[in-house]
Amino acid sequence: MDNNNQSIRNSPTRKNNPNVNSKNCTYSGTGEDYNFKFDIGEVDWLAFEYNGAIIQFSTCEAAFDCGQDKNKTSVCWKYFNDTFSLGYANNSTVSYSKDGLKITYISQKGYKGCETYTTNIRYGCDSFSSYQPFYYNKTVENCNFEINLFSTWVCQKCPNCSKTHRTSCDDTSGWCTCDSYTKGLNCDQLNAKISSVLTPTISGGDVTMSGDFSNIYNIRSSITISIGTSICNSIIFSSNKSQIKCTIGAGKGNQQLKLSDGNGATLIYDEFYYRVPCSVECSPFGKCNDRVGICICNDVAIGTDCKTLNLQLDSVISTLVTGGQVYLNGDFSKVKDQSLTIKIGNQQCSNVKFNDNNFKVLECTIGAGEGIKDIIISSGLLSFSKANSFEYQYYKCPLDCSTPNGTCDDKTGICACNNEHFGNACEFIKCPLGCSTPNGTCDINTGICTCNNEHFGDGCEFIQCPLDCSTPNGICDGNTGNCTCDSEHFGNGCEFIQCPLDCSTPNGTCDGNTGICACNNEHFGDGCEYIKCPLDCSTPNGTCDGNTGICTCDNEHIGNGCEIRFIECKDKCSTKHGICDNDNGNCKCDTQTKGLTCEESRLLIESSDSINSKGGTINIIGYFGNPTSLLTIKIGESQCKNIKVFNETTLKCDIGEGKGIHNITIIDDDLSFTAINKFQYLDEKTKISKISRGSIAGIVVGCVVAVSLIGSIAFYYYHHKNKKVNLFISSQNIKLK
């Protein structure tokens, strides 16, 4: 760097340009003595930061004109008032090593020309210059550029150097100085080089490494070699220090070969692989790819053993059975320099040569023969074969006898037609029976007859039947022209439909167009074979026997037409008190009975009038229905006379004198009911049983009880059940009338 142009300024504050759209690309590199990363993007400064070096450009209006470019577009950025401007960039390069950062900017060549500027900036780890910008500025004519460098604490201070192999550490740059056995940023790489390795097969064996091992020769006794996870034994360094040999066990595939000194320094070789022998001999037209154990053939050979000619046979133009020229079409460019022989079947082909300059057609001359043959092309140890690829050609018949209509005699070229065809090329089709001329005409292109109106059949050999027997209603006898109708049709042309049973004539008439019978009023059925029943048995009340016309009624109906509903009662009704209701099958009882069979009496006595011992007319209240003339009433053992029925609930009768309490018994023919202690004769004591504190208690039994009070008289009439009644009277003077 030109020290005259170097100065130290105050650290600027970095600002982003709001008009710049960044587009970053990352460049990185690693070498033996450096490991550094930096980015280049479309912004406007160059600086070292904690993660590396960053160079950024953007385009803005230029302050300077570079050559004849009138757009005045340049790359610029401001650090305070310091600006570097460049012309259009044609190219720029950046390289880096422990010696520093080298930036080359090649500006666009203009009228006056802008030079190529290169600067070397060494970066260090100087704490006193931390964050201080270093810049190099140079102006040539109208081309001006400035490069700024910000130094920061980015140095490693040699923390990772191998303590065994370093000799010193530069605290300013942070780079290690290694001993003669090692190299690299941290002195952890053995200072040797492996150029190639002769590897063993998958069964294991000797490993021979070639390269430069002079720098580690003196520490060879401490060197160990590993291949993958296996250790290589019996290590031997050659005296010229260019080879190392060792022995390894069986393995497979690619493996990492590593040399180690036991003190942290290594040498890595990643191209080691166990060789896989090929199962066949690949030479002399190929060699074995021992990575995969497959032959790699040269241009003239193909195949697993490289013994097949590398050609392509696409098609063959054969010759006649008399022999002649044969043409093989394909790609023979890979074997054009080989001496080729061609064999067709058992015959050797003569005059073998290429027919064109592109080596696409190979021709030769073959003798007479016939049939299908194999083709074999050979050149020394190499050969190519294609089965059934050649066929001798025969004389051709016209239209090839319209195969399969006929067969060609390849010796004469004349067709022998089969029975169905005729013509020189068997191209015409024979019609069946010659269309039974004159019954029809033949179309020789289709072999189909066109019959006249009176005939039909493939050969017009049959006579047409009337209406064609209304197919499928009948079958035509083509020999006679008469129809044989099926069982469901009739008529000369089987055009009419048979009615079932011929409508059981005279029970109905048949409609031949529909096959449906019209039955008379006394018959029914598809064939009018059944006799109608009266009222159709009032369906669903009964079923009709069509053979007799007689109804069979169900259990609930009777009558010729089952029109009368009649349900027998399940229980036998009382002959005196009930009748069967045939509409529902239940007994209908009279007013005096109830129950399923009217076996229960409904007679009931609820109450009766009491009377004095002299007797008289009494009312009996209860339920009596419609009594018969046989009705009798007993009070105790006395017979009640003059019985009168007012309604279903009230009876009257006359009873003679008596006393006490008695049962009442009603008897009506076979029905009776007894009410216990429902009747009472009254005496004087019974009439007024208690007089107390101005009140009277008595038994009211439906008769008139008159109570006379001083100054007034009140009458109370009761005509109902026996009741105990309190009569509230203010006077104690009571007179019973």
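Strands, as named in this tour, are DSSP runs of E at least two residues long, numbered from the N terminus. The model under view is predicted.

**Cis peptide bonds**

Begin by selecting P506, which is placed in the loop between β47 (496-497) and β48 (508-511). The peptide bond that leads from T505 into P506 is cis, and its omega is near 10 degrees. Next, move to T437 and P438, where another cis peptide bond is found, with omega at about 5 degrees. P438 belongs to the loop that runs between β39 (428-429) and β40 (440-443). As background to these two stops, most peptide bonds are trans, and most residues other than glycine have a negative phi.

**Positive phi values**

Select D468 and inspect the backbone: phi is near 55 degrees, a positive value in a residue that is not glycine. D468 sits in the loop between β43 (462-463) and β44 (474-477). Is D468 buried, partly exposed or exposed? D468 counts as partly exposed because its relative accessibility is 39%.

Proceed to L535, in the loop between β51 (530-531) and β52 (542-545). Phi of L535 is likewise positive, near 55 degrees, and L535 is a residue other than glycine. L535 has a relative accessibility of 58% and therefore counts as exposed, the cut-off for that class being over 50%.

**Aromatic pairs**

Now display the side-chain rings. How many aromatic pairs does the structure hold? There are 11 aromatic pairs in the structure. One of them joins F456 and F462: the ring centres are 5.4 Å apart, the planes make an angle of 40 degrees, and the pair is classed as tilted. F456 has a relative accessible area of 24% and is partly exposed; F462, at 29% relative accessibility, is also partly exposed.

Then select F524 and Y530, a tilted pair with 5.5 Å from centre to centre and 35 degrees between the planes. F524 counts as partly exposed at 32% relative accessibility, and Y530 counts as partly exposed at 33%.

**A ring cluster and a charge**

For the last stop, select F213, Y217 and F237, which ring pairs link into a cluster. Which part of R220 sits over the ring of Y217? The charged end of R220 does so, 4.0 Å from the centre of that ring.

Notes. Residues numbered from 1 in each chain as written. Predicted model: local features only at pLDDT ≥ 70, side-chain atom pairs only at ≥ 80, totals over all residues. Heavy atoms only, no water. Helix = DSSP H or I, 4+ residues; strand = E, 2+ residues; numbered from the N terminus. Buried < 20%, exposed > 50% of the residue type's maximum accessible area, 1.4 Å probe, protein only. Phe/Tyr/Trp six-rings, centres within 6.5 Å; stacked < 30°, edge-to-face > 60°. Lys NZ or Arg CZ within 6 Å of the ring centre and 35° of its normal.
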